[in-house]
Amino acid sequence: MTVPTPGAPYGVDPQGRPYSDKSKIVAGILQLFLGTLGIGRFYVGSVGVGLAQLFTCGGLGFWALIDGILFLTSNDRTDKQGRVLRG
């Protein structure tokens, strides 16, 4: 077991990048079900993209669906601070 450091309280990924306190599974689920409101993006701190999704109804649902799938399958999604999402 690794000891958490102040810069990475949730540990680091194999490339040495700190993990976020946000979960990619939660972000993906929020994006799939509430993506037309941009909720998944607001959750990870992407306010600008969240507002764009809100005003376009998630790109008529297509953008929200694709974004939700990418949140769930990608290992490189980050939060507002640039930390890799856990999950």
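Which residues is Asp79 in contact with, leaving aside its neighbours within four places in sequence? They are Ser20, Asp21, Lys22, Val44 and Leu85, where contact means heavy atoms within 4.5 Å. Please keep in mind that this is a predicted model, in which local features need pLDDT of at least 70 and side-chain atom pairs count only at pLDDT 80 or more, while totals for chains, interfaces and linings use all residues. Residues are numbered from 1 along each chain as its sequence is written, and side-chain values use heavy atoms, with hydrogens and water left out.

**The chain as a whole**

- The chain holds five helices and two strands; helices (H or I, at least four residues) and strands (E, at least two) are DSSP runs, numbered from the N terminus.
- Read from the N terminus, the order of elements is β-α-α-α-α-α-β.
- The C-alpha trace spans about 45 × 20 × 15 Å along its principal axes.
- Of the chain's 87 residues, 31% count as buried; buried means under 20% relative accessible area, exposed over 50%, and partly exposed in between, with a 1.4 Å probe and protein chains only.
- The accessible surface comes to about 5,300 Å², and 68% of that belongs to carbon and sulfur atoms; the areas come from the Shrake-Rupley method with a 1.4 Å probe, and for residues only the protein chains shown count as cover.
- Among contacts between residues at least 6 apart in sequence, 50% join residues at least 24 apart.
- There are 8 positive and 5 negative side chains, and the centres of the two sets lie 3 Å apart. Here Lys and Arg count as positive and Asp and Glu as negative, with His and the chain ends not counted; the place of a charge is taken as NZ of Lys, CZ of Arg, CG of Asp or CD of Glu.

**Around Asp79**

- Asp79 sits in the loop between helix H5 (62–73) and strand E2 (84–86).
- Its relative accessibility is 6%, so Asp79 counts as buried.
- The side chains of Asp79 and Ser20 are joined by a polar contact of 2.7 Å. A polar contact is a pair of N or O atoms within 3.5 Å; within protein, one must be able to donate a hydrogen and the other to accept it, and residues adjacent in sequence count only if both atoms are side-chain atoms.
- The side chain of Asp79 also reaches the backbone nitrogen of Arg83, at 2.9 Å.

- Asp21 lies in strand E1 and is partly exposed, with a relative accessible area of 33%.
- A polar contact of 3.3 Å joins the side chains of Asp21 and Ser20.
- Beyond its neighbours within four places in sequence, Asp21 is in contact with Tyr10, Asp79, Arg83 and Arg86.
- Asp21 and Ala8 are 13 residues apart along the chain, and their C-alpha atoms are separated by 9.6 Å.
- Lys22 also has its place in strand E1, and at 25% relative accessibility Lys22 counts as partly exposed.
- Not counting residues up to four places away in sequence, Lys22 touches Tyr43, Asp79, Leu85 and Arg86.
- From Lys22 to Gly58, 36 residues apart along the chain, the C-alpha separation is 21 Å.

**Helix H1 and its cover**

- In helix H1 (residues 24–34), the residues Lys24, Ala27, Gly28 and Gln31 are buried.
- Seen down the axis of H1, these buried residues fall within an arc of 100 degrees, so they line one face of the helix; the arc is that of the directions from the helix axis to the C-beta atoms.
- The cover over the buried residues of H1 includes strand E1 (19–23), helix H2 (39–44), helix H3 (47–55), H5 and E2.
- Ser23 caps the N-terminal end of H1, with a side-chain oxygen 3.2 Å from the backbone nitrogen of Ile25.

- Most residues other than glycine have a negative phi.
- Cys57, in helix H4 (residues 57–60), has a positive phi, near 55 degrees.
- Cys57 is partly exposed, with a relative accessible area of 44%.
- Leu60 lies in helix H4, and its phi is positive too, near 60 degrees.
- Leu60 is exposed, with a relative accessible area of 71%.
- Leu60 and Pro9 are 51 residues apart in sequence and 38 Å apart in space, C-alpha to C-alpha.
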